[in-house]
Structure formats: C-alpha cells, structure tokens
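Subject: A structure to look through

Hello,

I am passing on a structure that I have been going through, and I would be glad if you took it over from here. Please have a look at it first, and then read on for what turned up.

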Amino acid sequence: MSALRRLSLAGLATATAIAGVGVSTAASAQPPEPVGNDQAAQLGRTIQRMSLEEKVGQMFVLFGYGPNANQPDARNTSLYGVATPAEVVAKYKPGGWIYFSARGNVENPTQLATYSNQLQQTATSVGLRVPLTIATDQEQGVVVRIGPPATQFGGNMAHGATRNTADARTAAGITGRELKAMGIRQDYAPVADVNVNALNPVIGVRSFSSDPQLVSDMTVAQVQGYQRDAGIMATAKHFPGHGDTRDDSHTALPTINHTLEEWNTIDAPPFKAAIKAGIDSIMTAHIVVPSLDPSGDPATLSKPILTGVLREQLGFKGLIITDALEMAAVRQQYGDAEVAVRAIEAGADQLLLPPAPDVQFNAVLDAVRSGRISEKRVDESVLRILLMKLKNGVLLNPYVDPAKIPSTVGTPASLATAQKIVDKSVTLVKNDANAVPLSTDPRKILVTGWGVSTTQSLANSLTTRGATTTVAQTGAAPSDAAIADAVAKAKQNDVTVVLTMKAWDTTVTDKLAKQQKLVKDLLATGKTVIVVAVRDPYDIAYFDAAPTYLATYGFAAVSMESLAKALYGEISPTGKLPVDIPVAGDPATPLYPFGHGLTW
C-alpha cells in the first residue's frame, strides 16, 4: 500500500490557499505538476486526524549520532533519552532529519542510502506513518557533508567567478540527483547571501558574489537545478541576508545595520528571485536587522520579518525553516523553550536542530494547549510540510535502492563535468613576475601552507605533471618552527606554492597573523613563490608584495586539479573576481576590483 493511501488521505479550509506547489515521483526529474485542490484537501483532512503530538513532531528537524539508525550511541541517550536514531524517530515522529559528517552519520553513499531506508522504515511504522524529509548541507565548496566518491564542485563563489549560470544549474542538478539517490530529498542550499563585507567570518565564499544581480541569477539557476532537474527541495538561506556581518552567528548575535533601502537593494533581490523561481524552502538567519524589526530580536524569532516581510510582503508560500537552534546567536536573549515557541509565533514552519528536544517539544505543546499558539497555526505549517513531501515524492516513495548508487553517485561523466566547471573558476589576480604558466621542464616544487589533504592533493596533481614535489603543511595558524621549516625547504626547491586559508582573519582563524608571516618569509628567500588563496580571495591585501597570486575559492581535490592545470598552462585562467578585494584596513577602497582577472 502506498504511503499516500496509508495516510488515509482525505481538507482543511486552509488547504487550497497553499496549493501552488507541484508533485513529482521519486524517480522523476521532470518539472513538477501542480498539486490539485483535492489532494491538498485530502492532506488537510489527514491533519485533522493527527494528534497534537504528531503535528508538533512534523515541525521539528532532528539528527542522530552514528552511521546506522539501529546503532545505539550514548550521545543520543544524553540528548534524547533514547539510544538509537530509529528510537528518536519513533519517540518524536519528526517531520525532518538532517545528516552531518561531523556527527558520525556519513561513511559512504551506499551506507547513507541504507541509513535513509532504516529511518523511513521507522517513520512509516509509527503514528500515521508519515515519511521523513531527510536533508543535509551539501552547499559544495567549503561546506560539504558528503565527500568523495560523491561528485564535488568548487562552491558558490567559484560559480560566481565564472559568471556561468548554466554551469551553476548543472552542478545543482548533479548534486541533487546524487543526494536523492541516497534518500536525501532536501538540500539546505543555495546560499543566497550577498557577501558585501570582506571581513564576514561565516559566509565569504559560501556566497556567489558581492553583486546582488549575480547572486540572484546564480540562486535562480541552482533552484532550477535542485528542484526541476533533480526533483529535490532547495533551500535559500539565510533570510533576510547574512552577507554584511563581522560576527559569526554560530558564536555571537550579529547585527546588520543596513537601511531599509540598502536591504531592498542588496539583500532582498536574491530571495525575491528565488521566490519568483518557485523556491520550496527558505532558511532564517539568527541576525538582528533593526530596519526590518527594531525590537532587537533575531530574524528567526521576528514576526515582522518572517510573517510581515517574507510571507506578506514577498509573498512566499513555501516552507520557512529556522537555522540551527543550537547556535549561540538565537539562544542569547531567551531560554530554549521560549525560542521554540517564539520561532513558531514568528512564522517558522520547522525548527532545525533543537538543543533541548524534550524541553522544546513540550514547550510547543504547552503553548498550543494554553492557547498561546492556536492549533490552526500549527495546522497551517503541517499542511505546508506535507504538501512539500507530496511534491517531492517522499510521501509516495520514501525508499531508495542502495544498489543503484554506483550508477548515480560520482559517475565518470559527473566527475568529468565537475572538473570542466571548476576549471573555469580559477582566477589569476597577479602575475607581475610572469611566473605562470610554468614550463614543462622538470623542477622541484614545494607545496606548503594550509590543509593536510589540500596540500597533498595539489602535490599529487603537480607530480603527475613531472614535478618533484615536497609537502610542508603548516596549518591555519603556523608555528614559528613550521614557518622556519617551510622557509628552509623553499630554499632547496625551484618553486614554492603556498596555500592560504583566511589569512585575513586574525580574529579567529589566525590570531597572530602567522599565515601572513609565512608568506612574507617565503618571499624573502628570493625564490619563485606562487601564493594561492584556497578559500576567501581577500588574503592578497595582507601581503600585496607577492608578485604572483591566484584564487580558487575552494580547497577540494577538484579545485587543486584545476589549479595545477592553470599553473602549467593547460588551461588559461578565465575566472573573474566576483567581489572586490579591498585594501587592508580600508574596506571602501578596492585593491583589486570586482571583475578583475588576468589570463594569457
């Protein structure tokens, strides 16, 4: 019996008001067809049959520790009071689930497909048997939960450097199809923030650009790739725009001091474009925007922002999901119980990663029972959640076939496409000494700087081109001994390639500016030194004496292969800066402007 029949589908008066979404089966990658009013009404009547606990469960997105739904983990017991992810699903009957590599969920694509099926088996065996929407943050680039053999891309700013929206759509389509094969029906991507602050510690290359139009165009392309081409849910984030902050909302509560005019000009356009393109879901930001809500509440807890601006002003009818409620920014002003209630009062449909699940689940139940939140308000969110599950096939077919993973995930064709796309993003910012392209003559090359796997990946790519390579990885905050060792090795090699990673950030990443010292000491050797920023392109402002500088916007192996191709002249760099690189200490003065990029 299908999941839709098992739900005994039968409507709420609000059903037809939210029926502008579409339906696609799990196997379909065609544009979805409109959901009929009858289907929406059937879902509405199903909601009437749900207990309050089941309705509230649909509004939570949880996670579990470990790689198997049936494997006990003491950390689950500590957080949820039950040991296995399957028991978490049975206890709360959540509407969604999220995978994290850092929480032991990810071993390989086949294992994830099996894990997804285990979770769905539990979800469709309890209560009204509503399948989960399983999600993850596969932004590509620097935020990736599922590594190789899944296809890797360069990330948003790498796409921005190419200006190629067709490639951005292709990347989202490939990523989405691979996620779908693993049972993941929602990607918390694309990032729609406009990174206008070079000192932004949390967005940076996760943004496509500092140009609102370019971000809008790329966002629309990826929405189409995820939703129309792959048939999964896309999620634009972080509304109302996290691109101009000096604080990381994981650890502090940022304030965005844009005027209303600035917000409409800079931050709003990508979200407006995403809504026009039919975006399924939008994620909130834990940021204060006084021009939109002077109360001091973060957007996640702000009714003027989520309901007044997003729902009423922008006309968004899809799912509103909070950013993770475990983040510090949203927990500063209120206790965890109050945060959950206020987020729903503000207009959120789903609460992501509650840090105190029992407390927050019961707080929402109590708020409904006391009349603070009406059950009609809960029903509206649950209907949106179920409609989206219907649209994206999870109600009709929640299971996947792990045996099909090799024919879908990381195929030779997808890997080759990804390499071609990333090749177009490499940006040559400076080549004053004409150090690149390198000739094919044999030479000794030192690869140093940030990233154990990244330096080794680049060394491997250089070795295949005939270089004799030495690796001296120094980390994000090199010790004096590591710097001295790299300098000594540089003197013994013909060329040094030094990789920097947020060398500009002396607040968190590298408090003593040791990456900057590394580069300057290497330059002082008089040897050929090629500096490459493998994350934010802004690093050059802090050692502008470097005559040779490239930006890759990402540090995966695919980006290092593209870098090696550019260094050896196999490709001509075609990337153009999608942001200004400002003068250090003078953010209003461009050192290298938007659109800059050299080639040969």
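In which sense do strand E7 and strand E8 pair, and over how many bridges? Strand E7, residues 233-239, and strand E8, residues 281-284, run in the parallel sense and share 4 bridges. Before going further, please keep in mind that this is a predicted model.

The sheet

If you want to find that pairing on screen, look for Ala236, which stands opposite Ile282 in E8. Helix H10, made of residues 260-276, lies across both E7 and E8, and its direction is at about 165 degrees to that of E7.

E7 and E8 belong to an open sheet of 8 strands with parallel pairing, and the order across it is E9-E8-E7-E6-E5-E4-E3-E10. Strand E9 (319-321) and strand E10 (351-352) are at the edges with a single partner strand each, so one side of each has no neighbour in the sheet. As background, strands of a sheet pair through backbone hydrogen bonds, and they can do so in a parallel or an antiparallel way.

E17 and E18 make a hairpin with 2 residues between them, and Gly585 in the turn has a positive phi of about 85 degrees.

Helices that pack together

Two packed helices are described by the angle between their axes and by the distance between the axes.

Start with helix H5 (residues 85-92) and helix H6 (residues 109-123), whose axes come within 9 Å and cross at roughly 30 degrees. That angle makes H5 roughly parallel to H6, and the crossing is right-handed. On the H5 side the contact is made by Pro85, Ala86, Val89 and Ala90, and on the H6 side by Tyr115, Leu119, Thr122 and Ala123. Sorted by class, this contact of H5 with H6 has 7 nonpolar residues, 1 polar residue and no charged ones.

Next come helix H12 (residues 336-346) and helix H13 (residues 357-370), with axes that come within 8 Å and cross at roughly 50 degrees. H12 and H13 are therefore oblique to each other, and H12 passes H13 in a right-handed crossing. Asp336, Ala337, Ala340, Val341 and Ile344 of H12 meet Val359, Gln360, Ala363, Val364 and Ala367 of H13. By class, the contact of H12 with H13 has 8 nonpolar, 1 polar and 1 charged residues.

H2 brings Gln39, Ala40, Leu43, Gly44 and Ile47 to the contact, while H14 brings Asp379, Val382, Leu383, Leu386, Leu387 and Leu390. The contact of H2 with H14 has 8 nonpolar, 2 polar and 1 charged residues.

A salt bridge back at the sheet

Side chains of opposite charge can pair when their charged atoms come close. The structure holds 29 salt bridges, and one of them joins Asp137 to Lys237, with the closest N and O atoms 3.0 Å apart. Asp137 is in the loop between strand E5 (133-136) and helix H7 (156-162), and Lys237 is in strand E7, so the pair ties together parts that are 100 residues apart in sequence.

Backbone details in the loops

Most residues other than glycine have a negative phi, and most peptide bonds are trans. Where does the backbone depart from that? Pro148 and Pro149 are joined by a cis peptide bond, with omega at about 15 degrees, and Pro149 sits in the loop between E5 and H7. The bond from Phe239 to Pro240 is also cis, with omega near 10 degrees, and Pro240 is in the loop between E7 and H10. Leu353 is not a glycine, yet it has a positive phi of about 55 degrees; you will find Leu353 in the loop between E10 and H13.

Enjoy looking around, and do write back with any questions.

Best wishes

Notes:
Residues are numbered from 1 along each chain as its sequence is written. This is a predicted model: local features need pLDDT of at least 70, side-chain atom pairs count only at pLDDT 80 or more; totals for chains, interfaces and linings use all residues. Side-chain values use heavy atoms; hydrogens and water are left out. Axes are lines fitted to C-alpha atoms, for helices over the stretch in contact, and angles run from 0 to 180 degrees between N-to-C directions. Angles under 35 degrees count as roughly parallel, over 145 as roughly antiparallel, 65 to 115 as roughly perpendicular and the rest as oblique. A crossing is left-handed if the near helix is turned anticlockwise from the far one by less than a right angle, and right-handed if clockwise. Contact means heavy atoms within 4.5 Å. Ala, Val, Leu, Ile, Met, Phe, Trp, Tyr, Cys and Pro count as nonpolar, Asp, Glu, Lys and Arg as charged, and the others, Gly among them, as polar. Two strands pair if DSSP finds at least two bridges between them. A salt bridge is a side-chain nitrogen of Lys or Arg within 4 Å of a carboxyl oxygen of Asp or Glu.
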